Amino acid sequence: MYRKPVVSGKFYPGTPIQLEKTCEAFVGERATNKDFFSQPVGLILPHAGYVYSGKTAGMGIKKATEYGRPKNIIIFGPNHTGYGELVSVWSEGIWQTPLGNIEVNSEIADKLIDNTVIFSDEMAHLYEHSIEVQLPLLQYAFGEFKIIPVCMMDQRLSTVSKIVDKLKQIIKEYPDTLVVASSDFNHYDPHEITLEKDKLAIEKILEGDIEGLYERIKKHNITMCGPGPIAVVRSLFSNIELVYHTTSAEFSQDYSYTVGYASFVLW
């Protein structure tokens, strides 16, 4: 199975040379430490068009390069399209980007799939951008690796808990793994309101209070698209650092209608 890019030339440049220059501008130098991770590392990254969120994502990825480079990257993204299973793993084949092909690690994918909550399913991924937009930045930063793409339509806490139980065993077995949550933060409020709502969520993420995060999302109508992926990654790690937080207004200059972006590194 080949998964061809669907937002190349839209969310990010569609030609290899231009895309590499864009990634370089956001990430800086590639991973100078050529050793593989000695322990699992996590990232929470935004997934908008690079002109809006590339800086925030690139700063997070740059922090992760300090740990070396991963052999495997498990990426959790929200399902914006409504296609596919409740939790969908692309379990074999190749994902293509303008920077080259990335092989799916079927061995890890099979360990994650349980066929009750987590299924092998390509349909959810075919038109979904939340995982695809991370890949060129990660390719630029780390070079070669394998991926396990996971698309979450079901983002309930009970589902998060089941995924986390599986993942804890997997990252013990594969410590040279990067686990990425792809999510933007609050959507379509004025700049100051988005900053306030995002900070309420960020506080709970930094505290590791996942139930509190979900309560605040509901209470304050924080329109974060990927609380499930964030909750999964946050639950795996003891340590976390907020790398950068902003809104789309920093780049668009439209302060009336904004989206929040934040990047974190976890270890």
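**Overall fold and packing**

Mentor: This is a predicted model. In the protein, 82% of the contacts with a separation of 6 or more are between residues 24 or more positions apart.

Trainee: How many helices and strands are there in the protein?
Mentor: The protein has nine helices and twelve strands. Its radius of gyration is 17 Å, close to the 18 Å that the globule rule gives for 267 residues, so the protein is as compact as a globular protein of that length. The C-alpha trace spans about 45 × 45 × 35 Å along the principal axes.

Trainee: And what percentage of the residues count as buried?
Mentor: Of the 267 residues, 58% count as buried. The accessible surface of the protein is about 11100 Å², and carbon and sulfur atoms contribute 49% of that.

Trainee: Which residues have the most contacts inside the largest nonpolar core?
Mentor: They are Ile74, Phe76, Leu167, Phe185 and Phe264, in a core of 43 residues. Helix H5, residues 157-173, supplies the largest share of this core, with six residues. There is also a second, separate core of 35 residues, which includes Ile75, Val133, Leu138 and Tyr244.

Trainee: What does phenylalanine 76 touch, leaving aside residues up to four places away in sequence?
Mentor: Its contacts include Val150, Met152, Ile163, Leu167, Val179 and Val180. Pro229 and Val232 are also among the residues that Phe76 touches.

Trainee: Changing topic: is helix H4 enclosed by the rest of the structure, or is it exposed?
Mentor: Helix H4, residues 134-142, is largely enclosed, because nine of its nine residues are buried. Among them are Gln134, Gln139 and Tyr140, together with Leu135, Leu137 and Leu138. Just after H4, glycine 143 takes a positive phi of about 80°.

Trainee: Where is glutamate 103 found?
Mentor: Glutamate 103 is in strand S6, residues 100-103. With a relative accessibility of 39%, glutamate 103 counts as partly exposed. Not counting residues up to four places away in sequence, it touches Gly93, Ile94, Phe145, Lys146 and Ile147.

Trainee: How far is its C-alpha atom from that of aspartate 114?
Mentor: The two C-alpha atoms are separated by 21 Å, and the residues are eleven apart along the chain.

Trainee: Last one: how far apart are the mean positions of the positive and negative charges?
Mentor: They are 2 Å apart, for 25 positive and 33 negative charges.

Technical notes
Residues are numbered from 1 along each chain as its sequence is written. This is a predicted model: local features need pLDDT of at least 70, side-chain atom pairs count only at pLDDT 80 or more; totals for chains, interfaces and linings use all residues. Side-chain values use heavy atoms; hydrogens and water are left out. Helices (H or I, at least four residues) and strands (E, at least two) are DSSP runs, numbered from the N terminus. The radius of gyration is taken over C-alpha atoms; the globule rule is 2.2 Å times the number of residues to the power 0.38. Buried means under 20% relative accessible area, exposed over 50%, partly exposed in between (1.4 Å probe, protein chains only). Contact means heavy atoms within 4.5 Å. Accessible areas come from the Shrake-Rupley method with a 1.4 Å probe; for residues, only the protein chains shown count as cover. Lys and Arg count as positive and Asp and Glu as negative; His and the chain ends are not counted. The place of a charge is taken as NZ of Lys, CZ of Arg, CG of Asp or CD of Glu. A nonpolar core is a set of buried Ala, Val, Leu, Ile, Met, Phe, Trp, Tyr and Cys residues joined through side-chain atoms within 4.5 Å.
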